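The structure goes in here before I start looking things up.

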Amino acid sequence: MTFPFDIALVWLDLAGVFFFAVSGSLLAARKQFDIIGSLLLASLVSLGGGVIRDIILSAGPPAAFTNPAYLAPPVLATVLVYFLFPSFQRYTSLLTLFDAGGLALFCITGTLKALTMGMNPIAAVLLGVTTAVGGGLLRDITANEVPQLFDPRDLYALPAFSGAALTTLLWMTGSFNAATACAVAAVVFAFRVIAWRRAWYVPLAVHGWHRRGVEGSPGPGGGTGGAAGTGGGSGAPRN
């Protein structure tokens, strides 16, 4: 294959680190953390998924601790948010967009690294999803937020799964290159953002259960929820 995977993995990884770092700093700003807290949250979300991936792969010390370049994106994201956040009018939308960008890139890099390390396709897809959602999970738990991964009114893991599966399929058919990598990232990004905007969701864990305040059915306390929307809208406003 002529595609330079080692170089591509690093650059895709760094781009994903930056996108996730901005999402972490934006959440820190919303929570009114100080600048140190913003830097730590940005580092946690942007480096956490990659650290988990490298530990699972037993690939030696995680890249975040061996390559100083990985420390630059969280610092840059923290500085940018510090100076630009007061002018952000729709920061919730911006947070979701940057988070979607990180998700799209990390599901690709996690899958690729697993495949290059000799893991079977199913394991590679699972590790790609873990890499993509791991940092966001750590970010939300640390900031005392309901993790997006477990939000019944949103899709988070499914876009990452689709990206990891597409990456694996392209790899196995010898079709993975720079153009197809960009196409996969665009599909995952669009899937995540559209699902968020339209409040798409998957069925709850038990058949017959309804989302409180979303579907027009009695809730646990006997009350009636709101009328069901086309995609089962969220109780919180989407900016």
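Predicted model: local features only at pLDDT ≥ 70, side-chain atom pairs only at ≥ 80, totals over all residues.

With which residue does Arg139 form a salt bridge, the closest N and O atoms being 3.0 Å apart? I find Asp140 as that partner. My cut-off for a salt bridge is a side-chain nitrogen of Lys or Arg within 4 Å of a carboxyl oxygen of Asp or Glu.

I number residues from 1 along each chain as its sequence is written, and side-chain values use heavy atoms, with hydrogens and water left out.

Next I looked up Asp99, which also forms a salt bridge with Arg139, the closest N and O atoms being 2.8 Å apart. That pair links distant parts of the chain, with Asp99 in helix α5 (residues 91–116) and Arg139 in helix α6, 40 residues apart. Helices here are DSSP runs (H or I, at least four residues), numbered from the N terminus.

Then burial: I call a residue buried under 20% relative accessible area, exposed over 50% and partly exposed in between (1.4 Å probe, protein chains only). Asp99 is buried at 0%, Arg139 is buried at 0%, and Asp140 is buried at 5%.

I went on to Arg30, which forms a salt bridge with Glu145 at 2.7 Å between the closest N and O atoms. Arg30 sits in helix α1 (residues 5–30) and Glu145 in the loop between α6 (121–142) and α7 (157–172), so the pair ties together parts 115 residues apart in sequence. Arg30 is partly exposed at 31%, and Glu145 is partly exposed at 26%.

Technical notes:
Helix = DSSP H or I, 4+ residues; strand = E, 2+ residues; numbered from the N terminus.
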